[in-house]
Amino acid sequence: MITIGAHNIISPLGWSSKENFDHVLKGRSGIKKHDNTKLSDTPLQASLIDEGLLEQEVEKYPSLKSYSKLEQLGILSLMPIVNTVDIKSERTGFVFSSTKGNVEYLCETELNKDVLLANAAKNIADYFDFKTEPHVISNACISGLAAIIVAKRWITAGIYDDVIVVGADVLSKFIVSGFQSFQSLSANPCKPFDKDRDGLTLGEGVASVVITNSHNSDENSECIEVVNGAISNDANHISGPSRTGEGLYRAIKNSVSDGSIIDVISAHGTATPYNDDMESQAISRSGLTEVPVNGLKGFFGHTLGAAGLIESLISIMAMQNDVLIGTKELVCQGVVAPINVLKENEPKKQKGLLKLMSGFGGCNAAVYFKKHG
Amino acid sequence: MPQYTLRNMDSIVKEVSIEPGRVTLNNAEVFKTETTEVGPFLKALYQKSELKYSKFFKMDYLCKLGFMACEILLENEEIENDSDDVALVFANASASLNTDVKYQKTIADIASPAVFVYTLPNIVIGEVSIRHKFYGEHMFFVQKEYNKEVLLSYTNVLFQSTNTKHALVGWIDVDDNNNYSAKVMLCKK
C-alpha cells in the first residue's frame, strides 16, 4: 500500500503543516493587499511569505544565505521531514515540482544558470546529500499533484521505496505581470465558485511530503493511502479550460473506480469564471453532484507548483480530523452545473478524498486518497 | 542511479532526431536545409510537410519543434485520434527558457499574454494534444541532460498501469541562445 508519510507546509499561514491547518480551520487567510513595486506597479492582492520571517529562519542556518528565496523555502520545508527517509539510499527518490523556479534571475544581465529548474532542484537536494539525482516535474498548475502521481507510480513499479516530493513557487514580476496581462487577477481576495467571482489571487507556498511504501500496513492501521491518480488533457485550448470539462472528467474517471467512496472533493477552484464552471461540469458529469466540494484558494491564493501538494495535505489533515473545510470567500454559489460547494466548515467522518487540479496546456490531474483505520 | 526496468525495449517503433539543419528518421536523413537558424529551419520543415495548420504560426520555437517531431512520427501511422490511450512523455533542460527571456523583455513595456502563455514547457504537450485530439496521460520532466532511461521507464509504467497503448516519448529543447534539438520516439505497448 502506498501511503502519505511525513509532510510540511510553509505559507503565510504558518511554518508547519499543523500551523497551516489550524489557521485554515479558524478561517484565516494569507491574502492581503500589497503595495510592492517589485511584484506589481499597481496594488496587488496576494498571499506572500513574510520576508522578515524568512530572514529570521535563515539566520538560524547561516549556510542558507547563499541560496535563492525559492531554494531556502524548499530546504526549510524539507528539514523536519528528511530524517524520516534514508537519503543515502538509491531506493529513495527526490522529486521537485515547480512552474517557474528561480525565474526572477532573468532580471540580471548575465544569465544565471540557477534559473534552470534542474539546477534549482539540485541545489535543494545537495543541501541534504541526497544520493539519487533529483527529478523535476513542470506541468503548469497540476505540477504538485502530478508529482504525487509520478511518485506513486514509481513506487508501485518498484523503482523506489520512498519518494520525497517538494513543490515550490515564489512570486515575481514575471509571474504577476503574466496573469495581469491575461486579466485573470481579481481586485479582491478570490471567491471560488461564487456567482460574483472575477479572477484568481496568487500565493506563495512550499510543501514537502514523503510518499512511501508501507509494506506492513493492514486495513486497520491508521494511514492515508494514495490509491490512484490520473492525468488527462483537454485537447482543446492551450490557455483556456474545456467548457465541457473533458480532460478533468477523464482524469476523474481514470482515478476512481465504481465502488470508490468519495466523501469530499478538493477542487482546483481558482475563482476564474471559466475554471470553476469547467470543474462543475467535470464533477457533475462524473455523477458527483451531491458530494461536498471545497476550494482552498481563499486561504492560500494560487500557489502554482505547490498548490496540488498544499491543498492535498490540508484536505488530508481535514479527513484525519473529521472535518470538512468550507470554501473561504464563497457567499453565493454560481457555477453552470449542479454541484455541492461547501461554504462553512462541518464536522464529518470521511474515508475518501478526491483532489483535482487543472492548468495551462489543457492539463488536468485527479488523485484519490483513502483513509484507513 | 536506481535500476529502471527497461522491459519491452523493442516497443520503440521509430525515432526522429532533429538537429540544426537536419532531420533523421531511424537514422536515415529525411530533411536537410542550408540554414541552421531555428526560425527559418522550422518554417522550412513545416512547408516541406505540406500541412495546413494555421495554429503552427502562433507557436513558440519549443512548440514548433515538438509539434514537427510528432508530425513526422505520426505520419502514415494508424493511431486513432480522439482517444485517451496515447501518452506524451517529454523532457528537456531549458524548460521554456527561450520564451521566458523574450517575455521578460516585454514586461517593462506591455506584458504580452500571447508570449506569456508559452512560458511553460508543457504547452507543447497541449499543442500536440489539440492537433491530434489526444486526451491521454502526459508528463513534462526537466532534466540536466537527456535521460532517456527515466522517460522510457516512466512510459513502461504507463503501459502497465493506465489505458496507454502508444506513447510519444523524448527530448525537445530550445535554449536561450536558440540552440535546438529533438529526439522523440514513438513507442507501442
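1. The contact between the chains takes 48 residues from chain A and 45 residues from chain B. Two residues are in contact if their C-beta atoms, placed from the backbone, lie within 7 Å. The model is predicted: local features need pLDDT of at least 70, side-chain atom pairs count only at pLDDT 80 or more, and totals for chains, interfaces and linings use all residues. Residues are numbered from 1 along each chain as its sequence is written, and chains are lettered from A in the order in which they are written.

2. On the side of chain B that touches chain A, at least two residues each come from α3 (97-107), α4 (113-116), α5 (123-132), β5 (138-142) and α6 (148-161) of chain B. Helices (H or I, at least four residues) and strands (E, at least two) are DSSP runs, numbered from the N terminus. α5(B) gives the largest share of that side, six residues.

3. Strand β5 (residues 135-137) of chain A pairs with β5(B) in the antiparallel sense, over two bridges; strands pair if DSSP finds at least two bridges between them. Within β5(B), B:V142 stands opposite A:V136.

4. Which residues of helix α1 (residues 17-25) of chain A are buried? They are A:S17, A:N20, A:F21 and A:V24. Buried means that 20 or more other C-beta atoms, placed from the backbone, lie within 10 Å of the residue's own. Seen down the axis of α1(A), these buried residues fall within an arc of 95° (taken from the directions from the helix axis to the C-beta atoms), so they line one face of the helix.

5. The cover over the buried residues of α1(A) includes β1 (2-10), α9 (297-300) and α10 (307-320) of chain A. After α1(A) comes A:G27, with a positive phi near 80°.

Key: A residue is buried if 20 or more other C-beta atoms lie within 10 Å of its own, exposed if 12 or fewer, and partly exposed in between; C-beta atoms are placed from the backbone.
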